[in-house]
Amino acid sequence: MSFADKVVIVTGASSGIGAAVGIKFAEEGANVALVARNKVKLKEVVAKCEKHGGKVLVLIADVTKNEDVKKIIEQTIKQFGKIDILVNNAGIIRKAAVWDENAIDVFDSVMTTNLRSVVHLTNLAAQHLIQTKGNVVNVSSIAAVDAMSPEYFAYCTSKAGLDQFMRSAALEFSPKGVRINSVNPGPVRTDFEQNLGVNKSEADSFWDKTKNWTTLDRISEPEEIADLILFLASDKARSVTGSSYVIDNGCLLKRPYNI
Ligand code: NDP
């Protein structure tokens with residue numbers, strides 16, 4: 001699965017799944033544009049990518065800001081001249097019940113990060129992807145099909161919207177030779193909880209507990225999600241478009257029986 005000379009944009013590349021995706025693409029010879037807001041964390045990922053010899057473009061950007069989204073596409077084209085693969089991975093989770101006072105603020109921030117930014121980036125990358133007959137992989141969640149637990153309506157709605165956007169865009173892109181798919185992970189051990197402000201020991205015990213939600217009695221590591229993303233982005237998946245790939249250690253299988 002060589003990606004030599006391919007140009008890949010990865011959003012949310014400073015930690016977790018996005019970092020693993022950036023590093024794996026670099027290992028496979030791609031030139032990678034790594035997007036995130038946290039410069040310090042992004043630098044650590046850049047160092048790991050550069051070890052493999054591919055070129056790395058660092059883009060300190062907030063995907064919720066229009067001018068930053070434009071900058072991501074413009075600077076990638078300026079540096080590398082094309083875009084082959086767009087991995088829309090940046091995402092956040094925030095808790096609020098539908099009737100809470102802050103519900104609309106939570107809804108707006110989650111939808112803007114998890115869905116609007118993906119629509120915007122795909123919109124601006126479209127002509128470049130059409131030129132290369134490239135493809136898009138979105139990082140969704142099993143929350144797109146399952147209501148998870150109370151007070152996560154904003155996250156679940158954003159991921160369900162993301163999957164429907166993916167299918168609609170796949171329909172539009174198909175005649176142009178561009179594919180678009182999503183991966184839908186169950187629990188993955190990342191900084192997702194800590195990035196929400198939860199302390200490390202609480203986050204560790206949360207992830208340990210989540211393995212009880214699965215039939216395989218384990219949760220995924222970011223690299224396992226990255227492997228599936230690289231497969232979908234590769235020519236081996238040339239017949240795949242408009243599809244959501246659940247990767248959850250059997251979480252959805254067990255879900256109806258353990259709540
Ligand atoms: P992390 O919190 O480790 O990573 C999230 C990444 O998104 C960070 O690199 C963060 O970078 C970036 N990000 C967040 N907001 C913005 C923004 N406004 N602009 C630019 N970058 C942003 O979590 P994960 O790796 O777990 O999450 C990655 C994706 O996987 C998300 O879409 C999440 O919904 C999805 N997912 C995760 C699961 C899990 O169990 N971990 C399960 C199912 C899906 P920075 O803060 O530097 O900007």
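Guide: Leaving out residues up to four places away in sequence, isoleucine 229 touches Ile17, Val21, Val87, Val137, Val139 and Val183. The model is predicted, so local features need pLDDT of at least 70 and side-chain atom pairs count only at pLDDT 80 or more, while totals for chains, interfaces and linings use all residues. Residues are numbered from 1 along each chain as its sequence is written, and side-chain values use heavy atoms, with hydrogens and water left out.

Visitor: What makes a pair of residues a contact?

Guide: Contact means heavy atoms within 4.5 Å. Of the contacts in the protein with a separation of 6 or more, 72% are between residues 24 or more positions apart.

Visitor: What is the nonpolar core to which Ile229 belongs?

Guide: A nonpolar core is a set of buried Ala, Val, Leu, Ile, Met, Phe, Trp, Tyr and Cys residues joined through side-chain atoms within 4.5 Å. The largest one has 36 residues, and Phe25, Leu34, Val87 and Ile229 have the most contacts inside it. Two or more residues each come from β1 (7-11), α1 (16-27), β2 (31-36), α2 (39-50), β4 (85-88), β5 (135-139) and α7 (222-233). Another core, of 31 residues, lies apart from it and includes Leu59, Ile83, Val118 and Leu162. In soluble globular proteins, nonpolar side chains tend to be buried together.

Visitor: How are the helices and strands defined and numbered?

Guide: They are DSSP runs, numbered from the N terminus: helices are H or I with at least four residues, strands are E with at least two. The protein has eight helices and seven strands.

Visitor: Why is threonine 76 called buried?

Guide: Buried means under 20% relative accessible area, exposed over 50%, and partly exposed in between, with a 1.4 Å probe and protein chains only. Threonine 76 has 0% relative accessibility, so it counts as buried. It is found in helix α3 (residues 66-80), and its contacts beyond four places in sequence include Val7, Ile9, Leu57 and Ile83.

Visitor: Why does serine 140 count as buried?

Guide: Its relative accessibility is 4%, so serine 140 counts as buried. Serine 140 sits in the loop between β5 and α5 (153-173). Leaving aside neighbours within four places in sequence, it contacts Lys159, Leu162, Asp163, Ser182, Val183, Asn184 and Pro185.

Visitor: Is arginine 255 buried or exposed?

Guide: Arginine 255 has a relative accessible area of 10% and is therefore buried. It lies in the segment after α8 (251-254). Apart from neighbours within four places in sequence, it is in contact with Asp146, Met148, Ser149 and Trp213.

Visitor: What is the phi of aspartate 5?

Guide: Aspartate 5 has a positive phi of about 70 degrees, although it is not a glycine. Most residues other than glycine have a negative phi. Aspartate 5 is found in the segment before β1, and its relative accessible area of 59% is why it is called exposed. Asparagine 249, also not a glycine, has a positive phi of about 55 degrees. At a relative accessible area of 11%, asparagine 249 is buried.

Visitor: How do you know what radius of gyration a compact globule would have with 259 residues?

Guide: The rule is 2.2 Å times the number of residues to the power 0.38, with the radius taken over C-alpha atoms. For 259 residues a compact globule would have a radius of gyration near 18 Å, and the protein has 17 Å, which agrees.
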